[in-house]
Amino acid sequence: LANGGELNMADRQQRKQRVEKELHEYAIASAYLFFCFTAILFYKSAVLGAAGFSAVPLGFAAAKALILGKFLLIGEAAGVGTRLKSRNLLQYTLRKTVLLFVVLIALTVVEELLVGWYHGHSVAVTIDERPRHSVMEIMATSLLMLLVLLPYVAVKELSRALGPGVLRKLFRSPSAPRTGSELEVKTDKNG
């Protein structure tokens with residue numbers, strides 16, 4: 001019984017650490033997306049302000065950041081892009097970014113359909129009620145989303161490639177290396 005209790009306690013501790021790690025990753029992803037969406041909305045508001053319109057729906061940016069942040073974590077947990085064979089980190093990062101973008105689109109469509117279903121609408125009614133956007137607006141929004149995802153994925157993959165904690169140490173170090181050779185020396189000494 002004592003061994004079972006110890007295993008149960010160790011299992012609980014492991015679960016707690018996993019939940020804390022996932023919540024931390026979710027907070028970072030959502031905060032990053034909120035920052036990006038807010039910047040885009042401020043820009044859009046400035047452009048529309050010149051035409052006499054004014055509205056900055058920050059609540060929309062926050063909600064979308066929270067939803068897409070969770071979708072990013074779902075994509076990561078599902079292993080999106082982990083089986084990619086790439087010649088280098090750049091190619092891998094670009095491919096994974098595109099795949100995560102496709103996952104975000106798919107999960108957003110599913111989300112919209114579920115919200116419509118929850119409100120008692122059929123798929124056709126839900127699709128019909130979506131605001132109509134021009135092809136240019138859809139393309140621009142898609143390109144912006146790809147540009148938002150690219151640095152997010154690049155930093156995560158660079159951090160994985162360097163090893164646990166190395167990138168964080170580099171960013172927080174008062175004497176961060178300024179050249180590649182300094183980086184090699186510092187990472188060789190650390191591990």
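In this short talk I will go through how helices α2 and α3 meet, and then turn to one residue in α2.

Before we look at any detail, please keep in mind that this is a predicted model, and that the protein chain averages a pLDDT of 83, with 85% of the residues scoring at least 70. Within the chain, confidence is highest in α2, at a mean of 91, and lowest in helix α7, residues 180-190, where the mean is 54.

Let us start with the pair of helices. Helix α2 covers residues 58-77 and helix α3 covers residues 89-118, and the two pack at an angle of about 120° with their axes 9 Å apart. Because of that angle, α2 is oblique to α3, and the crossing of these two helices is right-handed.

Which residues in α2 and α3 meet each other? On the α2 side they are K64, I67, L68, F71, L72, I74, G75 and E76, while on the α3 side they are K96, L100, V103, L104, L107, T108 and E111. If we sort this contact of α2 with α3 by class, we find nine nonpolar residues, two polar ones and four charged ones.

Is A77 buried or exposed? Its relative accessible area is 70%, and because exposed means over 50%, A77 is exposed.

Definitions and conventions
Residues numbered from 1 in each chain as written. Predicted model: local features only at pLDDT ≥ 70, side-chain atom pairs only at ≥ 80, totals over all residues. Heavy atoms only, no water. Axes fitted to C-alpha atoms, helices over the stretch in contact; angles between N-to-C directions. Helix = DSSP H or I, 4+ residues; strand = E, 2+ residues; numbered from the N terminus. Parallel < 35°, antiparallel > 145°, perpendicular 65-115°, else oblique. Left-handed = near helix turned anticlockwise from the far one by under 90°. Contact = heavy atoms within 4.5 Å. Nonpolar A, V, L, I, M, F, W, Y, C, P; charged D, E, K, R; others polar. Buried < 20%, exposed > 50% of the residue type's maximum accessible area, 1.4 Å probe, protein only. pLDDT = per-residue confidence, 0-100.
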